[in-house]
Amino acid sequence: MSIDMDGLKYINDTFGHLEGDEAIKAIADIIYKITPSNGLASRTGGDEYCVLFPSESTLDAEKCIAEMQAQIKEYNRYSKKDYPLSVSVGYEYCRPNMDMLICVHEADKKMYEQKKQKKHMKMFLKDLVFLFL
């Protein structure tokens with residue numbers, strides 16, 4: 001799975017880099033909790049993470065993503081922060097004899113596509129609100 005935190009620039013610019021660091025740590029904690037015991041989770045960049053684990057089907061990744069989203073929702077409900085945590089996620093099921101780097105690249109592409117869709121939806125909603133003002 002390729003995971004990228006949404007809105008870190010907004011958090012840093014609005015609330016400061018210390019708050020941004022806290023948000024990064026909160027996402028990392030959630031990712032650690034949802035990573036299967038036979039898996040590996042790592043922070044690969046500023047607000048990007050990778051989770052790898054052996055699996056027999058794509059359902060395992062979908063379950064992990066659903067659990068991560070549920071934990072983020074729970075965090076947002078009780079954190080009393082002035083911003084919500086959110087992530088974009090992509091995954092690729094790497095079959096035997098497939099190149100691992102290609103699988104990671106495909107997961108990245110899917111994650112960036114989800115991120116792009118969220119940005120388009122956000123712009124659409126802003127335009128919609130503007131129409132009704």
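Biologist: Which residue follows helix 1, and is its phi positive or negative?
Modeller: The model is predicted: local features need pLDDT of at least 70 and side-chain atom pairs count only at pLDDT 80 or more, whereas totals for chains, interfaces and linings use all residues. Residues are numbered from 1 along each chain as its sequence is written, and side-chain values use heavy atoms, with hydrogens and water left out. Helices (DSSP runs of H or I, at least four residues) and strands (E, at least two) are numbered from the N terminus. Phi is positive, near 100 degrees, at the residue that follows helix 1, Gly16.

Biologist: Over what arc do the buried residues of helix 1 lie?
Modeller: Leu8, Ile11 and Asn12 of helix 1 are buried (under 20% relative accessible area, with exposed over 50% and partly exposed in between; 1.4 Å probe, protein chains only). Directions are taken from the helix axis to the C-beta atoms. The three residues share one side of helix 1 because their arc around the axis is only 95 degrees.

Biologist: Which exposed residues lie on the other side of helix 1, and what N to O distance separates their side chains?
Modeller: The exposed residues on that other side are Lys9 and Asp13. About one helical turn separates the two, because they stand four residues apart in helix 1. Their side chains meet in a salt bridge (a side-chain nitrogen of Lys or Arg within 4 Å of a carboxyl oxygen of Asp or Glu), with an N to O distance of 2.6 Å.

Biologist: What is the relative accessibility of Met100, a residue of helix 4?
Modeller: Helix 4 spans residues 100-132 and contains Met100. Because of its relative accessibility, Met100 counts as partly exposed, the value being 45%.
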